[in-house]
Amino acid sequence: MPELLCIFGTGDLGRSLGLRLLQSGYRVVYGSRRPHSCGPLPQGAQVMSHAAAAQSASLIFICVHREHYDFLETMASHLERKVLVDLSNNLKKGIYPEANAAYLQRLVPGAAVVKGFNTLSAWALQNGLLAGKQVHLCGNSAAAKQAVAEMATKLGLTVLDKGSLSAARELEDFPLQLFPEWRLPLRVALGLMAFFFFYLLIRDVIYAYVEQEQDISYRIMVSLANKVFPIVSLVMLSLCYLPGVIAAFLQLYRGTKYSRFPDWLDRWMLCRKQMGLVALGLALLHAIYTFIIPIRYAVRHKLISRVVDEMKNNKTTPFYFDDTEAWGTDSFYVLGILGFFLYVLLGLTSLPSVGGTLSWREFSFIQSKLGHLTLFICTAHGYIYGWNKFLRSSTYKWYTPPGYMLCLIVPSVVLVLKVILLLPCVDRTLTRIRQGWERTKPNEETGTSKATNL
Ligand SMILES: NC(=O)C1=CN([C@@H]2O[C@H](COP(=O)(O)OP(=O)(O)OC[C@H]3O[C@@H](n4cnc5c(N)ncnc54)[C@H](OP(=O)(O)O)[C@@H]3O)[C@@H](O)[C@H]2O)C=CC1
Ligand SMILES: [Fe+3]
C-alpha cells in the first residue's frame, strides 16, 4: 500500500501539490475546514476534517497562509510527533518578528517542523516542471528532514539541506528576491548608458548647437543611441573579463590560490555571465540600429540633396575611388560581423542546456579563449571606426574626445593585461599556482614549504 500523505488547505498550492504527489504514487488526504464543499480536488484524493486527516498520516503539508495558523494551536494534540512541512511565504521581508516556520513550531511544540518547498510555485507543480529543480530544506529534527527529503527526491527534486530551523528566515526570503544576480550588471549598464548618453548629448548635439547654431537634436533617436549601445556593450564585455584577469594577477602576487578573494571581486566574478548577456543584448541592438541607417530620412535626404545641389549648380565634384576608405569601411564591417557572431556563440554556450553538454575544458576554451578573441575583435572594430572617422578629418578638440575613444580604454587595458598573462613565463607560474603549488616565503629556511595559507 503506498504511503499516505496529508495536506492542510485546499487552495492553489494544496491542489497542485496533491496532484503531483498522486502522480508520484502517493495517496493523499486533505484536511479542510469544509470537507464537503471545498471544490474540485485531484482525482483519487480524500478530504476530511483537519483532525481526522492528521490522524491518518505522519507527514502533513501546511498549505495555509501564515495568518491562519492559529487553528493549528487548538489541534496541537492531534499533531504530536507528526512531521509538519511549512511551505508558507510572506508578501514582504520582515513583516513578522519570527520566521513562519519558527512560529509554527512554537504553536505546535510536539511536532517536528520542516521548512521547505516554498520556492516552488503552484504553477510549476501543476505543470510538472520539477525535474532537476532545487529545493532547500531546514529543520531541527534530522529524521523529519530525512523523511521529507526522500519524498522530495521521489518528486524529481534535488534537495539541499540548509541546517536547523533558524535558517527558515533565509529560505522565506528566497522567493522575494527579484533576479538578484542581475541587479549589479543592470545597474552598471544603466549607469554607463546614462553617462555616455549625456556625454554624447553635450558633445554632439548641444555643442553643435552652440558652436554652429545647428539644430541636430533629431540625432538623439538613432545616431546617439547607436553610439551609446556599442560603447556600453564593449565596456560591459570588458567588465565581464576584467575580474578574471584581476583574480589571476592577485593569485600571482600572493603566490597561492588558497586564500579568499576580496568580497567585491567575488561578487563581481559571480555576475560575469549576466554582464556578458547584457553586453550581448546591447550588441544586438547596435546591429539592428545599424541596419536601418540607409533607410533613414536624414541619410536619404543628405545623399539626394548633394546630387540636387550639383545639378542646380551644374558642376560635379571629382568622384574617385578611395582605396583606403574601401579597405577601412570593409574591414570595419567584417570585424563587426565576426565580433557579433562570436558574441552570439558566447551567449549560446552560457545557456545551461548548451553549456551542460560541454566538458569543462571545452566550456573554458569557449568562454575564455573565444571570449577574449571576441573582445579583441570588437575592440579592433572600435579602433577602425575611430580611424575611419579620423581619415574623414574631423575637427575634434582634445578636451572633448569622441565617445568611442573613452570606451576603448577599458577593453584595451583588459587585453594588455591578458597578453601579459599569456607570456610563457607568467603562464607557467600561474598554471603551477592553480595546480596547488605555493611560493615558499623567503624567510623560510627549512627547505620544506608549508601550506600555511590554507
Ligand atoms: N500558490 C503558490 O504558488 C505558493 C504558495 N505558497 C504558500 O502556500 C500557502 C498557501 O497558498 P495558496 O494555496 O496559494 O493559498 P490559497 O488562498 O489558495 O489557499 C489557502 C487555503 O488555506 C485554507 N484556509 C484559508 N483560511 C483558513 C483559516 N482561517 N483557517 C484554516 N485554513 C484556512 C483554505 O483551505 P480550506 O478551505 O480547505 O480550509 C484555503 O484554500 C501560503 O502560505 C503561501 O505563501 C508557497 C509557495 C507557492
Ligand atoms: Fe559597430
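Student: How many residues surround ligand 1, and which are the closest?

Tutor: A residue is near a molecule if its C-beta atom, placed from the backbone, lies within 6 Å of it. Here 23 residues surround ligand 1, the closest being G11, L13, S32, H68 and S88. This is a predicted model, in which local features need pLDDT of at least 70 and side-chain atom pairs count only at pLDDT 80 or more, while totals for chains, interfaces and linings use all residues. Residues are numbered from 1 along each chain as its sequence is written, and chains are lettered from A and ligands numbered from 1 in the order in which they are written.

Student: Which element contributes the largest share of the shell around ligand 1?

Tutor: Helices are DSSP runs (H or I, at least four residues), numbered from the N terminus. Helix 1 (residues 12–23) supplies the largest share of this shell, 3 residues.

Student: Which residues have the most contacts inside the largest nonpolar core?

Tutor: A nonpolar core is a set of buried Ala, Val, Leu, Ile, Met, Phe, Trp, Tyr and Cys residues joined through C-beta atoms within 7 Å; buried means that 20 or more other C-beta atoms lie within 10 Å of the residue's own. In the largest core, of 50 residues, they are C6, I60, I62, L84 and V85. A second, separate core of 38 residues includes A189, F196, V228 and V278.

Student: How is the protein divided into domains?

Tutor: Domain bounds come from an automatic or database domain assignment. Domain 1 covers 4–176 and domain 2 covers 180–434; their centres, taken over C-alpha atoms, are 50 Å apart.

Terms used:
A residue is buried if 20 or more other C-beta atoms lie within 10 Å of its own, exposed if 12 or fewer, and partly exposed in between; C-beta atoms are placed from the backbone. Helices (H or I, at least four residues) and strands (E, at least two) are DSSP runs, numbered from the N terminus.
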